[in-house]
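Colleague: Could you walk me through this model?
Modeller: Gladly, here it is.
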Amino acid sequence: NIPVSEIEEAKRTLAPEVFEREYEAKILSNTGLVVSCFSMENVDSSIEDDERLPLYVGMDFNNDPLTAILANIIKVNGRAVELRVFGELNLKSATTWDMPEVLIEKYGGDCWSDDDAATRRRIIACPDPTGKRKQTSGVGVSDHQILRKAGITVYAPEAPYNTADGIRAVNAALRTADGEVHTKINPGCRELIKSFRTLGYAEG
């Protein structure tokens, strides 16, 4: 028998369909949607930027548009309990050089100035790990180096996540098997919401 404590922990950390498949041996029908745990419960018009908290930026290094989502992470006793996505950026005909400038101008940051370091806001980018390559600037500097040069902290794995693991992580971040919603998104993030609602698996 599986210990009750293990089952409860699984409910708190796994997406519902993963829990049902792995712990309840259910055969689930395929909805065709990659992000199956997204619902209107994840959309909350009260979500706004809390300037007292660090700014987290999820980035992709496509050139046109150059995209990012903007979020705060709510922590309790040092543990992340909720992701609050309050905005998104879609920069046309832009390169990575443009992103730090926009972020700092709009949301503040810990760069460009030597004035009163205590008042500077920390900006933490969580970008595509392929940004370690020299691909955007064309001057011998990688995308990650551009962000770090601007004073932005970069958190990225050494290599891209396994696709299946990434999908499971996104779904669990939206809602776990215990019914708890862990990500709230401002309805103004139209492209992000559209992607969650429509992204499907390729046939075959």
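Modeller: One term comes before the rest: a contact means heavy atoms within 4.5 Å. Residues 24 or more positions apart account for 60% of the chain's contacts with a separation of 6 or more.
Colleague: What kind of model is it, and how are residues numbered?
Modeller: This is a predicted model, in which local features need pLDDT of at least 70 and side-chain atom pairs count only at pLDDT 80 or more, while totals for chains, interfaces and linings use all residues. Residues are numbered from 1 along each chain as its sequence is written, and side-chain values use heavy atoms, with hydrogens and water left out.
Colleague: How many helices and strands?
Modeller: The chain has 6 helices and 6 strands, taken as DSSP runs (H or I, at least four residues, for helices; E, at least two, for strands) numbered from the N terminus, and their order is α-α-β-β-β-α-β-α-β-α-β-α.
Colleague: And what share is buried?
Modeller: Of the 204 residues, 34% count as buried, that is, under 20% relative accessible area with a 1.4 Å probe, protein chains only.
Colleague: Switching topic, which residues lie nearest the centre of the largest pocket?
Modeller: Gly58, Ile69, Gly166, Val170 and Phe196 do, among 47 lining residues; a pocket is an open set of points on a 1 Å grid where a 1.4 Å probe fits, with protein on both sides within 12 Å along at least five of seven lines, and lining residues have an atom within 4 Å of a point.
Colleague: Which element gives the most to that lining?
Modeller: β3 does, with 9 residues, and β3 spans 79-91.

Conventions:
Buried means under 20% relative accessible area, exposed over 50%, partly exposed in between (1.4 Å probe, protein chains only).
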